Amino acid sequence: FTKDDLLMVLREAEKLAVNIIAPTLAEGDKEGCTFKDGKVSVPKCFHEVWKKYNEGGWLAAGESPEVGGQGLPRTVNFAITELIGAANYAFQMYPGLTHGAAGLIHSYGTEEQKNKYMYKMYSGEWAGTMCLTEPGAGSDLNLVKTTAKKLPDGKYLITGTKCFISSGDHDLTENIVHPVLARIEGDPPGTKGISLFIVPKIRVNDDGSLGEPNDVNTGGIEHKMGIKGSATATLNFGENGKCIGELLGGQCEGMKIMFQMMNEARLGTGMQGLDSASAAYEHAVQYAKERIQGNDIMAGKDPNAKPVTIINHPDIRRKLMWMKSHIEGMRSMCYFVAYCMDKSTVAKTEEEKANWEGYLDLMTTVVKAYCSDKGLLICSTGMDVYGGYGYCSEYPMEQYLRDEKIATIYEGTNGIQALTLVGRGLGQRKGMNAMNLFGEVQKNIKKMKEHKELGKYTAILEEAANACIELTMFFVQAGKAGNFLLPILNAYKFMEIFGDVLVGHFLIDAAGIAADKLAAIYKEKGADTPEKQKALQKENKEAAFYFGRVASARFFAVEILTTVKARCEAVKMDEKAPLEMTEEAFAY
Ligand SMILES: Cc1cc2nc3c(=O)[nH]c(=O)nc-3n(C[C@H](O)[C@H](O)[C@H](O)COP(=O)(O)OP(=O)(O)OC[C@H]3O[C@@H](n4cnc5c(N)ncnc54)[C@H](O)[C@@H]3O)c2cc1C
């Protein structure tokens, strides 16, 4: 691909997002999904969007042409999903899950399974889901009760109930292919005894045509706070003893295989935070430029002063900068992870591949938890910018906030993500993934420390990064000394600190480039005084953009990174009050 090719693809995605998908945001929310006579319908307006989306081949855009994709780099594909997700995340759930489920068959299916299911899923003719959760097995999948009984022809009879299944049933496609976690009779308890099955809603004949319904019945759909256009279904498999599944991959390898989709979904959920946040920010900036309220602070008590737009108020500017700087750092973090995937695909040595995959492994939980948490706060701050109007459904802010909340919960709650980061991520490859990543941050610090404009902010990043590294070592020592409750109790705080340091790193890195570009523009245009530079930004979008990028890094360093060391010290105090509480003491 040339740069022009990729820009053209992004422009097409933007057109689809802005002209076709975004107009369904409020309507999809208002109508929601319905469940009648055992069948689920999505909002009517989603049908046309699904058709156009698939006509454009967006679902498998990142896959190779051999399987019907366009072979786009992951980095570009992430940018496309940001556009689509920001336009309407509830809609994005349908192609997102379909892609993940097809990807499982792509990686682990037999040729027959690929021919039967995968191509039709990548093309959007059929849809997909991920069926993990059960009423008694949410965060803890050890407790999965769904069973599989081997039949003489090698297929399996599936019996059990899965709940909260996104896209579990709907009328966008004729068939839905469910990857279902279940335990084959006689296999060991716990996650090590779980296998994965392909269970279609409608059975598929050997010639690819649709056969009988497969005894997958919808028990109902959830009535939710947000993403109302995304159907969240309870699915009963084998109520009549006739639900047939095919084993995907090896027996008892279900969790290992499902992790491919879970990791994709975690990144998708982190992206959801970014998507909602960037949409909320764009609206908030626009509103702040239009809403007139209050006098300019510099006008003092002048009785003749005219009220100004709220973007003139320092506190509104602080809020907007808080949103903007976090979003830009989160975007870099998400795209960096996509870049790691691209780099690991083209890596020339095993070691190189392992390093890129190492970043990906380490950062997946951080992207999921940090971006969804901050995404929620950004939407909430956007609502504050609107004042009372933001709380009302006439404006989109309250929907962004409602739609975004689920991202902190599903795909493994953020509390669980933080535990995974601390319990597994930091120690992966004997700590090499974390050390390599900290090494990248240190390299950036070294490069930027003497920077004329950004040097002092880089020093703040350095202090924060060092504190975070020290805290990592402190966790290791605490674990070795038997005080493993310290890292467990503080895992969430660590995840946030780690995310802040990474965001600061990406912002300073980008600001270094922006500062050089800005200086070149100023020079070319003869803008050699602050007044001329401000005036230039009013007419030159690039200059304004680069100034904004430098400002984001400065703001984030002072606003957030200065607090990191103190937060690390607080963790080291080893305060155990929450653990010393009796359950009775929680009364107040
Ligand atoms: C709208 C929606 C869509 C969903 N889509 C899907 C889907 O497509 N497929 C699917 O399989 N599932 C889906 N889910 C399920 C979702 O992934 C689970 O709700 C989530 O993993 C949490 O499980 P739970 O609700 O049972 O909560 P619990 O597991 O009961 O957790 C309750 C609280 O306890 C905490 N907790 C639990 N165990 C621990 C522990 N060991 N240490 C510390 N804290 C702990 C959790 O962090 C949480 O705060 C969806 C859920 C919703 C609401």
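Predicted model: local features only at pLDDT ≥ 70, side-chain atom pairs only at ≥ 80, totals over all residues.

Trainee: How are helix 7 and helix 8 oriented to each other?

Mentor: The axes of helix 7 and helix 8 come within 9 Å and cross at roughly 150°. Angles over 145 degrees count as roughly antiparallel. Helix 7 and helix 8 are therefore roughly antiparallel.

Trainee: How many nonpolar residues does the contact of helix 7 with helix 8 have?

Mentor: Helix 7 passes helix 8 in a left-handed crossing. Among the residues that make the contact are Leu267, Met271 and Leu274 of helix 7 and Ile316, Leu320 and Met323 of helix 8. Lys324 and Arg331 of helix 8 also take part. By class, the contact has two charged residues, two polar residues and, as the number requested, 18 nonpolar residues.

Trainee: Which term describes the orientation of helix 13 relative to helix 18?

Mentor: Helix 13 (residues 455-480) and helix 18 (residues 564-572) pack with their axes 8 Å apart, at an angle of about 15°. Angles under 35 degrees count as roughly parallel. Helix 13 is therefore, relative to helix 18, roughly parallel.

Trainee: How many charged residues does the contact of helix 13 with helix 18 have?

Mentor: The crossing of helix 13 past helix 18 is left-handed. The contact includes Glu463 and Glu470 of helix 13, together with Lys565 and Lys572 of helix 18. Besides nine nonpolar and no polar residues, the count by class for this contact gives four charged residues.

Trainee: What is the orientation of helix 12 and helix 15 to each other?

Mentor: Helix 12 (residues 428-448) and helix 15 pack at an angle of about 40°, and their axes are 10 Å apart. Angles under 35 degrees would count as roughly parallel, and 65 to 115 as roughly perpendicular. Helix 12 and helix 15 are therefore oblique.

Trainee: How many polar residues lie in the contact of helix 12 with helix 15?

Mentor: The crossing of these two helices is left-handed. In the contact, residues including Leu437, Phe438 and Asn444 of helix 12 meet residues including Phe498, His505 and Gly512 of helix 15. The contact divides into seven nonpolar, three charged and, in answer to the question, three polar residues.

Trainee: What is the distance between the end C-alpha atoms of helix 17?

Mentor: Helix 17 (residues 541-559) has 19 residues, which at 1.5 Å a residue should span 27 Å. The expected span is taken over one less than the number of residues.

Trainee: Which helices do the buried residues of helix 17 pack against?

Mentor: The buried residues of helix 17 include Tyr546, Arg549, Val550, Phe555 and Phe556. Gly548 and Ser552 are also among them. Their packing partners are helix 8, helix 9, helix 13, helix 15 and helix 16.

Trainee: Is leucine 104 buried or exposed?

Mentor: Leucine 104 is found in helix 5 (residues 89-108). Leaving aside neighbours within four places in sequence, its contacts include Pro179, Leu196, Leu248 and Ile257. Its relative accessible area is 0% and buried means under 20%, so leucine 104 is buried.

Trainee: Where does glutamate 398 fall, buried or exposed?

Mentor: Glutamate 398 is placed in helix 10. Leaving aside neighbours within four places in sequence, it is in contact with Met383, Gly390, Tyr391, Cys392 and Ser393. At 15% relative accessibility, glutamate 398 counts as buried.

Trainee: Which residues does tyrosine 395 touch, not counting those up to four places away in sequence?

Mentor: Tyrosine 395 is found in the loop between helix 9 (350-386) and helix 10 (397-405). At 24% relative accessibility, tyrosine 395 counts as partly exposed. The residues that it touches are Tyr287, Tyr386 and Tyr389.

Trainee: What is the phi of cysteine 252?

Mentor: Cysteine 252 is placed in the loop between strand 12 (244-247) and helix 7 (254-290). Most residues other than glycine have a negative phi. Cysteine 252 has a positive value, near 65°.

Notes
Residues numbered from 1 in each chain as written. Heavy atoms only, no water. Helix = DSSP H or I, 4+ residues; strand = E, 2+ residues; numbered from the N terminus. Buried < 20%, exposed > 50% of the residue type's maximum accessible area, 1.4 Å probe, protein only. Contact = heavy atoms within 4.5 Å. Axes fitted to C-alpha atoms, helices over the stretch in contact; angles between N-to-C directions. Left-handed = near helix turned anticlockwise from the far one by under 90°. Nonpolar A, V, L, I, M, F, W, Y, C, P; charged D, E, K, R; others polar.
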